[in-house]
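Dear colleague,

Please find below the structure that I am handing over to you.

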Amino acid sequence: MDVSHIFDQLNDAQRDAVAAPPGPMLVLAGAGSGKTRVLTHRVAWLVEAQQVSPLSILAVTFTNKASHEMRGRIEGLLGFPVNGMWMGTFHSIAHRFLRVHWREAGLEQGFQILDSDDQLRLIRRTLRQLNLDEGYWPPRQVQWYINAHKEEGRRPHHIPESEDRQQRELCRIYKTYEELCQRFSLVDFAELLLRTHELLDTNEPLRTRYQERFRHILVDEFQDTNSIQYHWLKLLAGANRNIFVVGDDDQSIYGWRGARVENILKFEKDFEGTTVVRLEQNYRSTGNILKAANAVIDHNRGRLGKNLWTQDDEGEPVKVYAAFNETDEARFVIDRIGRWVDAGNARRDVAILYRSNAQSRVFEEVLLDVGMPYRVYGGLRFFERAEIKDALAYLRLVSRRQDDPSFERVVNVPTRGIGNKTLDQVREYARVNQLSMWDAARALLHGHELSSRAILALTRFLELIDGLADNCRGLTLAEQVEAMLKASGLVAHHQKEKGEKAEARVENLEELVSAARNFEHDPEDGQDPLAAFLSHAALEAGEGQAEQWEDCIQLMSLHSAKGLEFPLVFLTGLEEGLFPHQRSFEEPGRLEEERRLCYVGMTRAMRELYLTYAEVRRLHGREAYTSPSRFLGEVPTDLVTEVRGGSALTRSGGRDFRSPAAEDAAAPSMRLGRHVKHSTFGDGVVLNIEGRGEYARVQVNFETVGSKWLVLAYANLEVV
DNA sequence: GGGTTAACCTTTTTT
DNA sequence: AGGTTAACCC
């Protein structure tokens, strides 16, 4: 068979990787070096040239987006769909596995997935049950504790008995949380992985079966695997050792959620005779951008070492802009985008990147102001919205009455006269008799503990759910969702509210019906359509906004930008404390991760890269002075041009980025936003600085007399 | 029991 | 600042 089309567009190193003989294979692929290409071509090569059945291939990615893209590209290469291939995120594959083997895994058939928000709620409930104070045991920290242990493969009984009372107590919370999960048949994200691993580890026939089935395993973004995922891969790769992993230690940015870069080093030891291929030719960025990014990442110790090069021209220098504040930063960025678009370029080719999602707001405001279409990735996802989760909780309850968290969530939403007093009694009855809330409520209807009003209200709720379950038989998924929205009164509830937000909620609920209608359910996967839809909602939270084909500016966090590329990139908010983030200062390891994040951001740019920072930034409601990020200082000055306002000035010499720009422009003691005192005008805030030396003037907004321009040399301002 | 206001807490990144 | 939960009044 002619397989030349698989090799046509590859360079030598890529070709070596794609056509490597069976056995363990580690591809160290720098940013923009054709990582996904190697992976997809490898699959195509296995299937076409080696006659490997897609059924015996397992391909793992980290994000749903990457998985969809990979499938599309493989099918494009092969020219036919690869339905039988197991391909998806670690979590979705684990879920698929547990669905088939729910019995062996000790689960109920209809088990549901907890997303982080659900998990947090359940932890709160656990704390309540143990009579622990949330103030003393912050639920988020408990959540972190539990997930960290699960990601390392530790159950409560694996945790060594500690001298520390607090540690012992945390372990007890973990244990109780697990019991609740088991009782309600709920599985959190980390549990999906851990259960799968334990099942493969202890059940030898099953392990052998899957080892024989998955003759070839391919892993994308290998630097992001955590302990449990790595062990899982080792188990599956088993004796045949056909495991092909692709990764880049410089792009490891998920250490905070348990990813272990060391897995790259361990891989070579654990799989003896590993072939290592390095992909160092970058096909994405200009010479200057690449040199700048290389220079930054070079400040990290503990790298495997790799230097990207390109045949591309030097291109434009990297541009740096020092903004007065975050609004000025946004205006500058959008002004530059305006010029870019005026020059005939597409808006979709521009990305605004930031460290944390909260930073998108200012950009959104300015974009709305100038009427430029944009799209924000990340942030609140569709299936994470409160009203959607309410609706899903109804559906979960219809599908499984024993789901206590869902029961609690919607029993009184919209309000139907089932208050805390009634619920406390139900909870107590459930606890004493080891029943679910549902069964406890039903039992209490026939007792004398509840008031007649409560009994009436509860009866109506139970009948509502039972009635829905009855009526849903034979209906399509979308019809079921519609029936639920109507009967529960959720839509009516939000329609009664006023304000834009309420309207958006109603629209979202309507959108849920469309989502159900468009949901493609594979009849072979063994779940009923409703259950499949619910897992889909938990596993794939959906994009923040509906897919838009309009040509618009892309806004996203640095983390979600990984794997993407854009001709024009703005990397914003380069300030100490913001990026690198405050919480990375404590450990050097965290700081290096921030630097890798910076590297990821810079290497997204193909033709032009802007780095911006603000001298004053409003954060958490406080105005704060900032100093430029250390990462700015790590870019060699000859690659950079500093831009001010409208005109670009070439930087002369290496200015120290740690000293704010306004200081050398005017008097050393004056800075924008600084509070000052004048002998006659009183207290005020510096709005603007102009000129230098004895001609320096400042604009001050005084509390009593408003804004005035003053010549600094005569004004005798006192810094407060 | 329901609705409003006040205090409070959090606020990195994502499956 | 923003959103959420707890206290408080109707």
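A residue is taken to be near a strand if one of its heavy atoms lies within 4 Å of that strand. Please bear in mind that this is a predicted model.

**Surroundings of DNA strand B**

By that criterion, 27 residues surround DNA strand B, and the closest are Arg355, Asn357, Arg381, Gly417 and Arg583. Of the atoms of DNA strand B that come within 4 Å of the protein, 57% belong to sugar and phosphate. The residues of this surface comprise 15 polar, eight charged and four nonpolar ones.

The side chain of Thr422 has an N or O atom 3.1 Å from a phosphate oxygen of DNA strand B. Ser116, in turn, places a polar side-chain atom 3.3 Å from a base oxygen of DNA strand B.

**Aromatic side chains**

Two rings of Phe, Tyr or Trp are counted as a pair if their centres lie within 6.5 Å. The count by this rule is 19 aromatic pairs. One of these is formed by Tyr210 and Phe214, a tilted pair with 5.9 Å from centre to centre and 35 degrees between the planes. Both Tyr210 and Phe214 are buried.

A further pair is that of Phe579 and Phe631, which is edge-to-face because the ring planes stand at 75 degrees, with the centres 5.4 Å apart. Phe579 is in the loop between strand 13 (566-571) and helix 26 (588-602), while Phe631 is in helix 27 (residues 630-633), so this pair ties together parts that are 52 residues apart in sequence. Phe579 and Phe631 are both buried.

Tyr210 and Phe214 also belong to an aromatic cluster, which they form with Trp86 and Phe97.

**Charges over rings**

Arg257 lies over the face of Tyr254, at 4.4 Å from the ring centre. The ring of Trp438 has the charged end of Arg401 over it, 5.4 Å from the ring's centre.

With kind regards

Conventions. Residues are numbered from 1 along each chain as its sequence is written. Chains are lettered from A and ligands numbered from 1 in the order in which they are written. This is a predicted model: local features need pLDDT of at least 70, side-chain atom pairs count only at pLDDT 80 or more; totals for chains, interfaces and linings use all residues. Side-chain values use heavy atoms; hydrogens and water are left out. Rings of Phe, Tyr and Trp (its six-membered ring) pair if their centres lie within 6.5 Å; planes under 30 degrees apart count as stacked, over 60 as edge-to-face and the rest as tilted. Buried means under 20% relative accessible area, exposed over 50%, partly exposed in between (1.4 Å probe, protein chains only). Helices (H or I, at least four residues) and strands (E, at least two) are DSSP runs, numbered from the N terminus. A charge sits over a ring if NZ of Lys or CZ of Arg is within 6 Å of the ring centre and within 35 degrees of the ring normal. A polar contact is a pair of N or O atoms within 3.5 Å; within protein, one must be able to donate a hydrogen and the other to accept it, and residues adjacent in sequence count only if both atoms are side-chain atoms. Ala, Val, Leu, Ile, Met, Phe, Trp, Tyr, Cys and Pro count as nonpolar, Asp, Glu, Lys and Arg as charged, and the others, Gly among them, as polar.
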